[in-house]
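Hello,

I am handing over the structure we talked about, so please open it and keep it beside you while you read.

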Amino acid sequence: MALIDWHPHVWQPEHFEPSQGEELTTRTGASLDAGPSVHGPAVAETADKFVVIAMCWRRLGVHVTNDYVADYVRGFGGRAVGIASVDPADEDAPKELERAVRELGLKGVKLSPTYAGFDPLCPEAWRVYETANRLGIVIYWHMGAAYAIQSTFENGNPIRLDPIAREFPKMRQVICHIGQPH
């Protein structure tokens, strides 16, 4: 039986604006050093396969880039899969998602209405869903707990995803952290 870690993150202090880094460490006890030297022993050396997820939450000043994740997972051959992240409020989000998949080889996109502060049904987000659907990639949703005080829990209600699932019935979607309130 293979051990697969479906949801680890890799980050370093420079991926967080100072106030966000302080809030993360204060409220969760997590370290700002979750880079390769930490991820390796914790995940890469124990799991047979694993996923690594980028984080793009502009409003919070958190940006673990798609390039960073792609560079990291490349070192593990077929054992690791990278998942992109884009901010729907960014005008270039669909273009960046396409680049992350086609050029960097990432296999899906992580979206967080809670952290990024967007309504899942807004037109800007819809452009990202259309791109994901056309590319045939999975959407990972962060729809639960959040450490940041600025998190918008009203946007993290999973019922908000129902119209998206109806519009794109063949698009794979994974709801992460569901039932995990803060």
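In what follows, contact means heavy atoms within 4.5 Å. Helices (H or I, at least four residues) and strands (E, at least two) are DSSP runs, numbered from the N terminus. Please note that this is a predicted model, in which local features need pLDDT of at least 70 and side-chain atom pairs count only at pLDDT 80 or more, while totals for chains, interfaces and linings use all residues. Residues are numbered from 1 along each chain as its sequence is written, and side-chain values use heavy atoms, with hydrogens and water left out.

Let's start with two helices. On the α4 side, A93, P94, L97, E98, V101 and R102 meet R127, V128, T131, A132, R134 and L135 of α6. The residues of this contact divide into seven nonpolar, one polar and four charged. Here Ala, Val, Leu, Ile, Met, Phe, Trp, Tyr, Cys and Pro count as nonpolar, Asp, Glu, Lys and Arg as charged, and the others, Gly among them, as polar.

How do α4 and α6 pack? Helix α4 (residues 93-102) and helix α6 (residues 123-135) have axes 9 Å apart, at an angle of about 25°. That makes α4 roughly parallel to α6, a label for angles under 35 degrees. Axes are lines fitted to C-alpha atoms, for helices over the stretch in contact, and angles run from 0 to 180 degrees between N-to-C directions.

Now for the sheet. Six strands form an open, parallel sheet in the order β1-β2-β5-β6-β7-β8; strands pair if DSSP finds at least two bridges between them. At the edges are β1 (4-5) and β8 (173-176), each pairing on one side only. Two bridges join β1 to β2, with D5 opposite F50 in β2. Strand β2 (residues 49-53) also pairs with β5 (residues 80-85) over four bridges, where F50 stands opposite A80.

Is β2 mostly covered or uncovered? Four of its five residues are buried, meaning under 20% relative accessible area (1.4 Å probe, protein chains only). Helix α3 (residues 66-74) has buried residues too: N66, Y68, V69, A70, Y72 and V73. They pack against α2 (36-44), β2, β4 (62-64), β5 and α4.

Happy exploring!

Technical notes
Angles under 35 degrees count as roughly parallel, over 145 as roughly antiparallel, 65 to 115 as roughly perpendicular and the rest as oblique. Buried means under 20% relative accessible area, exposed over 50%, partly exposed in between (1.4 Å probe, protein chains only).
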